[in-house]
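Biologist: I have the model open next to the sequence. Can you walk me through a few spots in it?

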Amino acid sequence: MKKGRVLITGGAGFIGSHLTDRLIQESYEVICMDNLITGDIANIAHIRDEKFSFIHYDVTNYIYVEGKIDCILHFASPASPMDYHSFPIQTLKVGSLGTHKALGLAKSKGARFLLASTSEVYGDPLIHPQREDYWGNVNPVGPRGVYDEAKRFAEALTMAYNRYHGVETRIARIFNTYGQRMRLNDGRAIPTFMVQALKEEDITVFGDGTQTRSFCYIDDMVDGIYRLLHSDVNAPVNLGNPEEKTVLEMAKDIIRTTKSKSKIVFKTLPEDDPKIRQPDISKAIALLGWSPKIGLAEGLLNTLSYFENKLNKARKS
């Protein structure tokens, strides 16, 4: 695919901002669109490239961008349980209306469209590891349903535009990702544990900590998304690190990494919290030539330095 002009919705978010950096590095012109509900302008403040522009906008409204657009990467959405519990209606709207508006723009511009979907489409899975042909075990009326069903609808709408309007589409099912530019109060396991450990506070593990997650470092994730964008794969593709860890193991790893004296305490497991999560990435390996390269120890060290700096700045302000 020729280098060109790209729109990233949610481009000031965690993954979106890293994608912006990668695409500019690859000589694309990038338009970042974000309403900053969960995104942060600080994530893109370092970009001083003439090929970059930012539009403060809510993509659940009609989207108009002047001129040619070659690709649209739809990453706009609250993405942590804390966020979609705080913004349930906005989460549903950006997954439905936002996806519809972004696909409509892709259709009108003849642009390739990539949807940031999620491993949460599998819900609390009954098969392990999770493959793309698994349809999931989701509670549509539970507290997590606003995110799970928004993304499932977004996938269905994306495939409908592909089949009936001929829009070139790609779907990335993103598993737990971590790294620089996560928020201190993100609410997900790694930032929560890391902040608690750095503050020497008790580390809160939900349930008995035996539930599993698979954590992928941001640089690996961005590379997988970039490869998927440039592939000819229309069907969903899992992107994540298949190295599975219990939440309790992760808490202990972070205590060791930070050299913290924090103690682990246990709290009640939230409703519908998935008990297992591990991607089968056979498809990504075969079709994209992609697999994660950065191990957890290296990734956590990189993330630690970022969180130390963020906490120091927060203390001084």
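**Contacts, helices and rings**

Modeller: Leaving out residues up to four places away in sequence, Thr-20 touches Ile-8, Gly-11, Val-30, Ile-47 and Phe-52. Bear in mind that this is a predicted model.

Biologist: Which helix is Thr-20 found in?

Modeller: Thr-20 belongs to helix H1, residues 14–25.

Biologist: Is Thr-20 buried or exposed?

Modeller: Thr-20 has a relative accessible area of 0%, so it is buried.

Biologist: Switching to H5 and H7, at what angle do they pack?

Modeller: About 40°, with the axes of H5 (residues 189–198) and H7 (residues 247–258) 9 Å apart. An angle of about 40° therefore makes H5 oblique to H7. The crossing of H5 past H7 is right-handed.

Biologist: Which residues meet there?

Modeller: From H5, Ile-190, Phe-193, Met-194, Ala-197 and Leu-198; from H7, Val-247, Met-250, Ala-251, Ile-254 and Thr-258. That contact of H5 with H7 has 9 nonpolar residues, 1 polar and no charged ones.

Biologist: Now the rings. How many aromatic pairs are there?

Modeller: The count is 5 aromatic pairs. In the pair of Tyr-306 and Phe-307, the ring centres are 5.7 Å apart and the planes are at 85°, so the pair is edge-to-face.

Biologist: Are Tyr-306 and Phe-307 buried or exposed?

Modeller: Tyr-306 counts as buried at 18% relative accessibility, and Phe-307 counts as buried at 0%. The cut-off for buried is under 20%.

Biologist: Which residues form an aromatic cluster?

Modeller: Tyr-122, Tyr-134 and Phe-175 form one.

Note on methods
Residues are numbered from 1 along each chain as its sequence is written. This is a predicted model: local features need pLDDT of at least 70, side-chain atom pairs count only at pLDDT 80 or more; totals for chains, interfaces and linings use all residues. Side-chain values use heavy atoms; hydrogens and water are left out. Axes are lines fitted to C-alpha atoms, for helices over the stretch in contact, and angles run from 0 to 180 degrees between N-to-C directions. Helices (H or I, at least four residues) and strands (E, at least two) are DSSP runs, numbered from the N terminus. Angles under 35 degrees count as roughly parallel, over 145 as roughly antiparallel, 65 to 115 as roughly perpendicular and the rest as oblique. A crossing is left-handed if the near helix is turned anticlockwise from the far one by less than a right angle, and right-handed if clockwise. Contact means heavy atoms within 4.5 Å. Ala, Val, Leu, Ile, Met, Phe, Trp, Tyr, Cys and Pro count as nonpolar, Asp, Glu, Lys and Arg as charged, and the others, Gly among them, as polar. Buried means under 20% relative accessible area, exposed over 50%, partly exposed in between (1.4 Å probe, protein chains only). Rings of Phe, Tyr and Trp (its six-membered ring) pair if their centres lie within 6.5 Å; planes under 30 degrees apart count as stacked, over 60 as edge-to-face and the rest as tilted.
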